[in-house]
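Q: I have a structure open and want to learn how to read it. Can we go through it feature by feature?

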Amino acid sequence: LTAPLPGTVVEIFAKAGEHIEAGQVILVIEAMKMENSIRATRAGKIAGVLVDAGQTVVHKQPLVRFE
Amino acid sequence: MNFADLLPELLKGVLHFTWGNALMIAAALVLIYLAIYKEIEPVLLLPIGFGCLLANIPLANMTAGQGVMSVLYNAGISTELFPLLIFVGVGAMIDFTPLLAQPKMALLGAAGQFGIFGTLILAIAIGFPLNQAASIGVIGAIDGPTSIFVATKLAPELLAPIAVAAYSYMSLIPIIQPPLMKLLTTKRERLIQMEYTPKPISQKTLVFFPIILTLVVGLLVPEATPLIAMLMLGNLLKISGVVDRLSKSAQNEMINIATLFLGLAIGATMSAESFLNLATIKILGLGLLAFVLDTVAGLLFGKLMAVLSGYKINPLIGASGISAFPMAGRLAAKVANDEDQNNFLLMHAMGANTAGQLGSVIAGGILLAIVSKLV
């Protein structure tokens, strides 16, 4: 799962090892003072979360890796 | 002195109170209610509402002579100081990166100004003289300070209804725009996902942009210089990175104080005698039309860009080519995201929105230049 827009990660809802459903909110990226919920595009088990809360991300930066 | 003589003196406020005052106080209470309980643009509607309340208390003398509201009006509205101070703060809040990274968004910022000229023509058609029609048209800039700046210069007698229309419709953008967006775009168009592949923008470009824009606009449209210069000054304070204190003051204390004084002074012009007339109703109607025309023009231009780009541009971002920064940009992004949770148009919409902010200032300046020569 990659960042659909540049911004700052403000909240992360998923942990490594967790099974998530498609459409579930994985994390929130704040851009231009607007919070954007980033959702899983598919179901699966998370292998690793690649960003931390407070971190600035660029467009297309990998956020979460699926197994 | 007997009691019969004293009574009229004690009751003079009540005796001078008119039905018109009662109606305007009711309107003031509606504005205050919307601000406090519906949180609709409270920063503006609360002071405007309270100012309106004060303007309709007979014999309070706040709005005449050396009354506090009159002093505020003469100091900050007649001189255009308050809208300009607000613009320094707005400039310090704007990030032009999305626009500079996608310069074609500037086209949408131009399309979003159509309402100004469409409304002007209609206002002339229903009998307003050119100076008043132009001031009413500028409601279509969808930018409070620009509307106030132009109206103060061209038709100060219409300032109150113009400011009220501009600010109240702006707060209604989330209600006015979405139905038009859905009506004028197809589901297929609304689902278009846009690649965000910005050109990298250097710090030097961001610093030079406000300086160069001030010079270019100033030389081409001198009448727009005060507005664009204050907006760009604020932006330079922010982007330069060396005057963080000044940038923060502009974004907070200064814009807050100027907004409070501006709201109060505008509200205080809403006395029953000056506000309750047919012209006000016409202006409120024309103002709404200006908002609708801007949105329609922006969306249609967005559709054209969608077709020309082979459906790589989502026409919804056209609706953010109006001013109303950053509300309009966020709204277009939200409508697209509601349609498809994985569609994020925010950066594109913000590019169009900042272009709209610049477009409205320039359009206001051009109008001022032309109309000042003609009347």
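Q: Which residue forms a salt bridge with B:Lys248?
A: The partner is B:Asp244, and the closest N and O atoms are 3.0 Å apart. This is a predicted model, so treat the distance as computed.

Q: Where do B:Lys248 and B:Asp244 lie?
A: Start with the general idea. An α-helix has 3.6 residues a turn, so residues three or four places apart point the same way. Now the case here. Both residues lie in helix 17 (residues 244–267) of chain B, four residues apart, about one turn of the helix. B:Lys248 is partly exposed, at 47% relative accessible area. B:Asp244 is also partly exposed, at 45%.

Q: How far apart in helix 20 of chain B are B:Asp338 and B:Lys334?
A: They are four residues apart in helix 20 (residues 327–339), which means about one helical turn between them. The cut-off for exposed is over 50%. B:Asp338 has 54% relative accessibility, so this residue counts as exposed. B:Lys334, at 44%, counts as partly exposed. Separately, salt bridges that share partners join B:Lys187, B:Arg190 and B:Glu339 into one network.

Q: How many salt bridges does the structure hold over all chains?
A: Nine. One pair crosses between chains, from A:Lys60 to B:Glu195. A:Lys60 sits in the loop between strand 6 (56–57) and strand 7 (64–66) of chain A. B:Glu195 sits in the loop between helix 14 (187–190) and helix 15 (203–220) of chain B. The side chains meet at 3.0 Å, N to O. A:Lys60 is partly exposed at 43%, while B:Glu195 is exposed at 52%.

Q: How much area do chain A and chain B bury between them?
A: The general idea comes first. Interface size is often given as the accessible area lost when the parts come together. Here the two chains bury about 1300 Å², with 67% of it on carbon and sulfur atoms. In chain A, A:Met32, A:Met34 and A:Arg39 lose the most area to chain B, together 46% of what that side buries. The contact takes 15 residues from chain A and 13 residues from chain B.

Q: How many residue pairs are in polar contact across the interface of chain A and chain B?
A: The rule finds four, both residues of each pair being at pLDDT 80 or more. Strand 4 (residues 34–39) of chain A gives the most to the side of chain A that touches chain B, with five residues. That side divides into seven nonpolar, five polar and three charged residues.

Q: Why is helix 11 of chain B described as largely enclosed?
A: Because ten of the eleven residues of helix 11 (residues 144–154) are buried. Among them are B:Ile148, B:Phe149 and B:Val150.

How values were computed. Residues numbered from 1 in each chain as written. Chains lettered and ligands numbered in written order. Predicted model: local features only at pLDDT ≥ 70, side-chain atom pairs only at ≥ 80, totals over all residues. Heavy atoms only, no water. Buried < 20%, exposed > 50% of the residue type's maximum accessible area, 1.4 Å probe, protein only. Helix = DSSP H or I, 4+ residues; strand = E, 2+ residues; numbered from the N terminus. Contact = heavy atoms within 4.5 Å. Buried area = accessible area lost by both parts, 1.4 Å probe. Salt bridge = Lys/Arg side-chain N within 4 Å of Asp/Glu carboxyl O. Polar contact = N/O pair within 3.5 Å; in protein donor to acceptor, adjacent residues only side chain to side chain. Nonpolar A, V, L, I, M, F, W, Y, C, P; charged D, E, K, R; others polar.
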